[in-house]
Amino acid sequence: MLAKKVNTPQTGSLGRGRKRCPSCNAIVAARAVKCRFCEYNFLDKPRRGKTARGTVADPASVEKLVAFINAHGGLENAKKVISDVRGLVEYLGSLDLIAQQLNVVGLIKQQVKE
Ligand SMILES: [Zn+2]
């Protein structure tokens, strides 16, 4: 059994005692409370629901997103639009606002199409 220990902080693979930073994708120690690369705070991580940052996954927003996806003929088309506004998630910090933005984008696209 190969027991070679190599310290590769950024490119290491996930394993025991490791976790991936959701912010910058770096592999960090599982016990780390803060990413040492981007300073992401793991303790801020919500357990689904509201956070101080306003990452909200409330049913109303999800419903809007689903409606949006359906209105755009499926996930693939909707994804393109969503990727356009993905940056807004960080910028606005609220899925509810994003959903509003998505509706706006949807309206724009519909009008452009005609
Ligand atoms: Zn990070």
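## Strands of the model

Strands are DSSP runs of E with at least two residues, numbered from the N terminus. The model described here is predicted. Ala 29 is found in strand 2, whereas Lys 19 belongs to strand 1, which spans residues 18-20.

Ala 29 counts as partly exposed because its relative accessibility is 30%, and the partly exposed class lies between the 20% limit for buried and the 50% limit for exposed. When neighbours within four places in sequence are left aside, Ala 29 is in contact with Gly 17, Arg 18 and Lys 19. The C-alpha atoms of Ala 29 and Leu 14 are separated by 9.5 Å, and the two residues lie 15 residues apart along the chain.

## Surroundings of Lys 19

The side chain of Lys 19 reaches two backbone oxygens: that of Ala 30 at 2.9 Å and that of Ala 32 at 2.7 Å.

Beyond its neighbours within four places in sequence, Lys 19 is in contact with Leu 14, Ala 26, Ile 27, Val 28, Ala 29, Ala 30, Ala 32 and Phe 42.

## The zinc site

Which residues coordinate the zinc ion? The SG atoms of Cys 21, Cys 24, Cys 35 and Cys 38 do so, at 2.2 to 2.3 Å. Along the chain, the donors follow the spacing C-x2-C-x10-C-x2-C. The site is tetrahedral, with angles of 103 to 112° among the four donor atoms. For comparison, the ideal angle for four tetrahedral donors is 109.5 degrees.

Cys 21 and Cys 38 link distant parts of the chain, being 17 residues apart. Cys 21 lies in the loop between strand 1 and strand 2 (27-29), and Cys 38 lies in the loop between strand 2 and helix 1 (59-71). Are these two residues buried or partly exposed? Cys 21 counts as buried because its relative accessibility is 0%, while Cys 38 is partly exposed, with a relative accessible area of 31%.

## Nonpolar cores

The largest nonpolar core has seven residues in all: Cys 21, Ala 26, Val 28, Ala 32, Cys 35, Tyr 40 and Phe 42. Apart from this core lies another, of five residues, including Phe 68, Ile 69, Ala 78 and Val 105. In soluble globular proteins, nonpolar side chains tend to be buried together.

Two of the zinc donors, Cys 21 and Cys 35, are also members of the largest core. Residues up to four places away in sequence not being counted, Cys 35 touches Cys 21, Cys 24, Val 28, Tyr 40 and Phe 42.

Definitions and conventions:
Residues numbered from 1 in each chain as written. Predicted model: local features only at pLDDT ≥ 70, side-chain atom pairs only at ≥ 80, totals over all residues. Heavy atoms only, no water. Helix = DSSP H or I, 4+ residues; strand = E, 2+ residues; numbered from the N terminus. Polar contact = N/O pair within 3.5 Å; in protein donor to acceptor, adjacent residues only side chain to side chain. Contact = heavy atoms within 4.5 Å. Core = buried A, V, L, I, M, F, W, Y, C linked by side-chain atoms within 4.5 Å. Buried < 20%, exposed > 50% of the residue type's maximum accessible area, 1.4 Å probe, protein only. Donors = N, O, S within 2.8 Å, 3.2 Å for Na, K, Ca; no water. Tetrahedral: all angles 85-135°; square planar, octahedral: opposite > 155°, others 65-115°.
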